Amino acid sequence: MKKILTASLLIVCNFCFAQELKYTIANNDWDADSLGNHRVILDVNAKGSNIVKAVIEWRRNDFHPDEKQLFVVDAATNKRIYNVKTENISRESGTIYFEPSEGTRYYVYYMPYKVNRKSNYPNAKYLKPEQTASAEWLKALENDKNIPLAKVESIQAVNAMNSFYPMEVIATASELKALEAKYPSKQYLVFVEDRMHPIKMKYDLPQRWIVNGLKNSFNGEAEKGENFAYQLGIYPVAHNLDNVKVTFSDLKNDEGEIISSKNMSCLNNGGIDYKGQPFTERVDVPKGQVQAMWCLVNVPKNAAAGTYSGYATVTAKDMRSTPIKIALNVSNKAAKNGGVNEPKKMTRLVWLNSTMAQKNDVIKPYTPLKVDGQNISLLGRKVILDKTGFPAKIETFFTPEMTGMTGRPKEVINQPISFMLETTDDKKVLWQPAGMRFTEKKPGTVKWTAQNSVPGLKMDVSGSIEFDGFVAYTVKVTALRDISFNDLRLHIPYNIQSARYMMGLNLKGEKRPSSYEWKWDVANKNQDGAWIGDVNAGMQFSLRDEHYVRPLNTNFYLQRPLVLPTSWGNDNKGGIRITEANSTVWVNNYSGPRTMKKGDVLYYNFNLLITPFHAINTDFQWATRFYHKYADLDSIKATGATVVNIHHGTPINPYINYPFIAHDAMKAYIDKAHQLGLKVKIYNTIRELSNSAYELYPLRSLGHEVFSAGKGGGYSWLQEHLGDDYIAAWYMPEYKDAAIINSGMNRWHNYYVEGMNWLVQNVGIDGIYLDDVAFDRVTMKRIKRVLTADGHPGIIDLHSANQYDKADGFNNSANLYMENFPYLNRLWFGEYFDYEHNSPDFFLTEVSGIPFGLMGEMLQGGGNPWRGMVYGMTNRMPWSDNADPRPIWKVWDDFGMRGSEMIGYWVASSPVKTDNPSVLATIYKKEKSTLVAIGSWAESDVNTRLNIDWKALGIDPANATITAPEVKNFQPAAEFKPGQDIPVSKGKGWMLIIKEK
């Protein structure tokens with residue numbers, strides 16, 4: 001079945017002719033990845049002739065079509081014809097001569113390409129023209145003066161997604177010339193367009209606008225309460241346009257009732273950013289380019305039915321304004337929820353300016369902040385502020401096991417955090433405080449200010465802390481006179497007992513070195529801080545300035561890296577030096593020598609994250625078992641899994657990061673899952689966006705706000721319909737789903753939050769699976785709020801491919817995403833994580849999540865099950881081949897892991913240790929029974945013995961048994977006596993159960 005679209009060219013002028021050209025849509029009737037996505041269908045009646053001529057007015061939007069190959073194929077036999085010659089190939093038209101065979105219908109595939117069909121990052125290469133005709137046929141062509149003309153029956157796309165009609169069918173040069181001549185006094189033209197025909201081309205006018213003509217009015221149909229949208233297409237003909245704006249009058253009906261201009265906005269001129277702050281955006285349009293201005297009208301729910309009229313006025317610097325009359329006919333029908341259930345009508349564009357879930361209410365399990373003097377208490381932690389405004393002391397109250405709290409504090413820093421100025425004569429000058437004061441005390445946020453000074457410099461400090469342990473400092477340093485100095489540095493004095501491990505600044509998670517030097521290298525390294533800590537006390541620091549922009553990550557860091565902070569980086573004079581002195585680990589963040597003129601300002605901003613965020617929830621770990629695949633629900637239920645993760649590229653979630661198209665099928669699946677007692681989470685994140693998104697072109701009209709600048713390329717659809725200025729991202733061959741990279745922190749995050757809320761309320765999702773993330777803690781808090789609203793479970797797990805490589809700027813996944821950890825339920829770290837050749841410290845800090853209050857799972861190669869159990873981890877079902885966690889789940893259930901007390905090898909007082917420091921033991925303790933997980937990092941097979949504190953276990957050694965249950969692909973059944981050597985193979989281990997007879 002073919003869908004037929006008709007473009008009627010009935011233009012009366014001295015250069016046009018009447019023509020009717022059909023644009024049809026096939027049903028994937030040919031192999032597009034070899035023949036291309038487009039073809040011209042020719043009807044030929046040329047019996048006895050060995051040459052046919054076709055003149056094709058194809059109006060192509062691609063540039064340099066003469067540099068692309070084309071194929072002529074007999075429709076009856078599907079055989080290619082090689083005697084073909086082209087001439088006068090242009091974007092507007094082309095002439096083709098070919099030798100017909102017996103058939104009467106022929107296909108001209110005019111954009112064939114080659115592509116790696118299985119690649120997730122393909123780059124389609126369009127074939128170059130080549131001469132395939134024989135010399136004899138070409139000679140005959142030269143001599144033939146009576147060549148029959150083929151009829152162009154239609155231009156056909158392989159499917160609707162690939163069709164150029166109507167908004168990518170270009171106007172011809174002569175049509176443009178005539179149009180401009182008709183309006184000689186206009187320096188720019190404004191075309192009205194409805195919401196169902198998004199403006200797509202930047203360098204061409206669509207033929208549709210030539211046919212419809214230039215109009216100074218727009219008529220639309222809307223429902224009561226609907227989020228209505230329309231477009232104004234701006235086309236400068238004389239000069240570049242600067243600072244283009246659209247303003248609105250009230251819309252009035254005949255009775256004098258109005259739709260207020262306050263209900264109207266232009267997306268391109270600004271809105272509400274992802275932090276909930278209003279902003280404006282300048283729009284400049286180069287001569288000869290097209291700029292879509294998307295205009296929104298939020299029709300009041302109580303608007304009376306009828307026609308409302310007013311004006312949208314386009315202005316530009318030093319240009320005459322252009323008023324467009326707007327007539328909106330409001331029907332008696334009321335739109336449900338603004339009409340957002342019909343996103344094809346662009347009713348969700350209003351989501352881009354949403355402030356949903358911005359209020360910083362406390363999210364469970366966190367507790368409200370409490371201020372007592374200069375002490376600020378939060379869940380498991382306390383910050384004591386100094387009179388400088390910086391922390392004088394930071395404490396945590398988590399047990400070493402990380403399963404609960406204690407009343408005994410552990411210091412993270414044991415001296416005040418401070419700035420120091422080193423003068424040109426090497427004198428070290430401490431800043432003198434002028435006092436601090438609190439400016440806001442709310443359950444979710446506490447803020448304060450302070451001022452400090454040294455001769456010649458003033459420091460204004462603005463600090464804040466949130467309920468999850470995030471501390472942000474804006475440190476504004478102003479020169480009171482011309483001044484030079486050797487250094488301005490920040491001292492962070494960690495308590496050595498809370499600085500056992502380090503992660504970041506070119507170091508994997510490992511034992512912190514006693515001394516360390518690091519220098520800025522933003523062109524290659526996504527590094528601006530580190531985490532230093534112990535299991536139950538630590539802190540991440542990050543150095544920023546006022547120009548900080550979150551870089552791209554996950555394969556794309558080098559395409560938009562960090563911006564070197566002017567203050568800290570100081571033209572690469574800055575760096576970080578870590579040393580030990582007595583009980584303190586000094587992190588000296590220096591910026592190096594510089595000169596400031598009077599009035600100069602530098603921002604030495606920094607952020608802190610105090611860890612852990614909360615205690616680990618071991619019972620959630622044992623009870624919540626993920627099945628990471630779309631499959632039959634009864635089969636999943638039979639595995640013992642409890643939560644289904646639905647990846648993109650599946651029938652109910654086919655398009656990456658746009659789970660709104662197959663939502664009916666998704667809801668049916670989730671409803672059945674709930675009936676079976678299963679929960680369902682879906683893949684949905686922000687990093688790239690599917691080309692199937694309804695709002696793709698409105699988002700493109702926002703310039704680089706939502707999508708990153710780039711070199712283009714990628715799969716054929718992107719090249720043919722976006723053209724240039726994007727970064728091609730993930731591609732799913734099964735669905736021909738081609739995505740492009742988001743730009744970072746922008747209004748798409750507002751849409752994301754609203755979309756997540758819609759999915760919870762209308763589809764019933766139980767959470768999301770994040771596959772690396774490209775958003776910060778602001779958006780993470782918001783989605784946690786909407787996911788957990790009204791008692792929904794809101795489970796979030798994060799997978800990361802190891803970011804410690806060149807393409808990702810050598811950042812640690814845990815370091816990169818730590819700001820999001822407070823709102824996660826589990827980690828899955830992950831692809832490219834090496835579980836065989838990394839130390840226990842790496843497992844603990846970069847994989848397990850335990851020092852941050854999380855637990856995890858393993859991925860790459862199925863993980864190492866023996867080492868994983870030392871941290872309470874298995875692999876995930878059924879993702880990795882030959883790595884089935886069900887035998888381990890059975891041990892958990894038979895032993896009764898729920899309610900057990902996890903005591904890790906890192907706990908000095910653990911009742912069970914081995915006699916080999918390379919063989920580690922974590923226990924899961926219950927009354928009268930204990931499960932011991934042993935994992936070996938020894939260089940070879942070894943024998944080890946258990947050193948057991950029987951009294952602490954509450955077990956009588958005289959009546960104790962030590963048994964190893966048989967576990968498929970893990971261990972054979974065995975029994976051991978107290979004090980007996982236990983053989984441990986290299987890289988493996990045991991699960992042993994100690995109990996009384």
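Student: In which loop does Asn691 lie?
Tutor: Asn691 lies in the loop between strand S51 (688–690) and helix H9 (696–700); helices (H or I, at least four residues) and strands (E, at least two) are DSSP runs, numbered from the N terminus. Two notes on the basis: this is a predicted model, where local features need pLDDT of at least 70, side-chain atom pairs count only at pLDDT 80 or more, and totals for chains, interfaces and linings use all residues. Residues are numbered from 1 along each chain as its sequence is written, and side-chain values use heavy atoms, with hydrogens and water left out.

Student: Why does Asn691 count as buried?
Tutor: Buried means under 20% relative accessible area, exposed over 50%, and partly exposed in between (1.4 Å probe, protein chains only). Asn691 has 5% relative accessibility, so it counts as buried.

Student: Which residues does Asn691 touch?
Tutor: Leaving aside residues up to four places away in sequence, its contacts include Met161, Trp717, Lys736 and Asp737. Contact means heavy atoms within 4.5 Å.

Student: What makes Leu602 buried?
Tutor: The relative accessible area of Leu602 is 10%, so Leu602 is buried. Leu602 sits in strand S46 (residues 601–603). Among the residues it touches, not counting those up to four places away in sequence, are Val475, Val477, Thr566 and Arg594. The C-alpha atoms of Leu602 and Met459, 143 residues apart along the chain, are separated by 9.6 Å.

Student: Why is strand S28 (residues 391–398) called largely enclosed?
Tutor: Seven of its eight residues are buried, so S28 is largely enclosed by the rest of the structure.

Student: How do you know that strand S27 (residues 381–385) pairs with S28?
Tutor: Two strands pair if DSSP finds at least two bridges between them. Five bridges join S27 to S28, and the two run antiparallel, so they meet that definition. Leu385 has Pro391 as its bridge partner in S28. The two strands form a hairpin with five residues between them, and Gly389 in the turn has a positive phi of about 95 degrees.

Student: What joins S28 to strand S29 (residues 405–413)?
Tutor: Four bridges join this antiparallel pair, with Phe398 opposite Met405 in S29. Here the hairpin has six residues between its strands, and Met402 in the turn has a positive phi of about 70 degrees.

Student: What makes a set of residues a nonpolar core?
Tutor: A nonpolar core is a set of buried Ala, Val, Leu, Ile, Met, Phe, Trp, Tyr and Cys residues joined through side-chain atoms within 4.5 Å. Of the 277 residues in the largest one, Phe419, Phe541, Ile765 and Phe821 touch the most other members. Helix H11 (residues 748–763) gives the largest share of this core, nine residues. A second, separate core of 33 residues includes Tyr188, Phe228, Leu232 and Ile324.

Student: Which residues of helix H16 (residues 886–895) are buried?
Tutor: They are Pro887, Ile888, Trp889, Val891, Trp892 and Phe895. Gly896 follows H16 and has a positive phi, near 90 degrees.
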